[in-house]
Amino acid sequence: MRAVGESKRSKRSRFLRDAMVDVQIAGRGIRSRRVLLAMRQVPREIFLDRRFAEAAYEDIAVPIPKGQTISQPYIVAKMLEAAAIAKSDRVLEIGAGSGYLAALAAKLGREVCALERHEALVQRARSRLRHLGCRNVDVRHGDGTAGWPEGGEFDVILVSAADAQTPAVLKAQLAPSGRLLIPLGDPDGVQWLTKLTREPDGRFVEERIEEVRFVPLISG
């Protein structure tokens, strides 16, 4: 009987996940087939505490421990589509939080390096990513504003916290033709999800993507 019950839960999760992708993601203009497929494959509910499980497939940000949040699915999809992660890309995530974005990026790229300043969240994210079989993700405890200097250059950098300007150290770790996505603006006011593309000559081209609201990027 237990196995049947688990099967029913799995089917319900799949149904709700597909509905979220169809209505809240594809229905609002996300066209990347790879992003849509990844979001159908990764169960968002396992990255949330049980008391928030019913909100897993609503298009809202949901609280996680240490005063952080798991971003609303549409904004996650918007960031991933703008990043255009290729199968051969190395991805750096700043602010791993629950591990949900890292799990999605792992479906899209070759390797994901994720930094999180709260050690308790690092352990939770690692456990959940292992449960999903994400073997190409390395989650570490560290200061995201310093980036991952021993990792060389990254094709994509995803920053899941807001700052007034892009940290220079992160721009330096972006490979030529790489894409960096970061919420820029007042941590307590208007922020814009912003894409910086590093041109082959070293220049950065900046593009505003969407108005957003993220927790602040904090050093240390």
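## Close-up views of a predicted model

**View 1. Leu-180 and its surroundings.** Setting aside neighbours within four places in sequence, Leu-180 touches Ile-157, Val-159, Thr-166, Leu-170, Lys-171, Leu-174, Thr-194, Lys-195 and Leu-196, where contact means heavy atoms within 4.5 Å. The model is predicted, so local features need pLDDT of at least 70 and side-chain atom pairs count only at pLDDT 80 or more, whereas totals for chains, interfaces and linings use all residues. Residues are numbered from 1 along each chain as its sequence is written, and side-chain values use heavy atoms, with hydrogens and water left out. Leu-180 sits in strand β7; strands (E, at least two residues) and helices (H or I, at least four) are DSSP runs numbered from the N terminus. With a relative accessible area of 0%, Leu-180 is buried (buried is under 20% relative accessible area, exposed over 50%, partly exposed in between, using a 1.4 Å probe and protein chains only). Take a look at Ile-157 too: its C-alpha atom is 4.6 Å from that of Leu-180, although the two residues are 23 apart along the chain.

**View 2. The salt bridge between Asp-89 and Arg-179.** Here the side chains of Asp-89 and Arg-179 meet at 2.9 Å, N to O, in a salt bridge (a side-chain nitrogen of Lys or Arg within 4 Å of a carboxyl oxygen of Asp or Glu). Asp-89 belongs to the loop between α3 and β3 (90-94) and Arg-179 to strand β7 (residues 174-185), so this pair ties together parts 90 residues apart in sequence. Both partners are buried: Asp-89 has a relative accessible area of 7%, and Arg-179 has 13%.

View 3. The Arg-51 and Asp-49 side chains form a salt bridge of 3.4 Å, N to O. Arg-51 is exposed at 64% relative accessible area, whereas Asp-49 is buried at 17%.

View 4. A salt bridge of 3.3 Å, N to O, joins the side chains of Asp-18 and Arg-40. It links distant parts of the chain, with Asp-18 in helix α1 (residues 2-25) and Arg-40 in helix α2 (residues 33-41), 22 residues apart. Asp-18 is partly exposed, at 22% relative accessibility.

**View 5. The buried face of helix α2.** Val-35, Leu-36, Ala-38 and Met-39 are the buried residues of α2. Looking down the axis of α2, these residues fall within an arc of 160°, so they line one face of the helix; the arc is that of the directions from the helix axis to the C-beta atoms. As a handy reminder, an α-helix has 3.6 residues a turn, so residues three or four places apart point the same way.

**View 6. Helix α3 against helix α4.** Helices α3 (residues 73-83) and α4 (residues 100-108) pack at about 35°, with axes 11 Å apart. The axes are lines fitted to C-alpha atoms over the stretch in contact, and angles run from 0 to 180 degrees between N-to-C directions. Val-76, Met-79 and Leu-80 of α3 meet Tyr-100, Leu-101, Leu-104 and Leu-108 of α4. Of α3's 11 residues, 9 are buried, so this helix is largely enclosed by the rest of the structure. Among those buried are Pro-73, Tyr-74 and Ile-75. Just after α3, Ala-84 takes a positive phi of about 50°.
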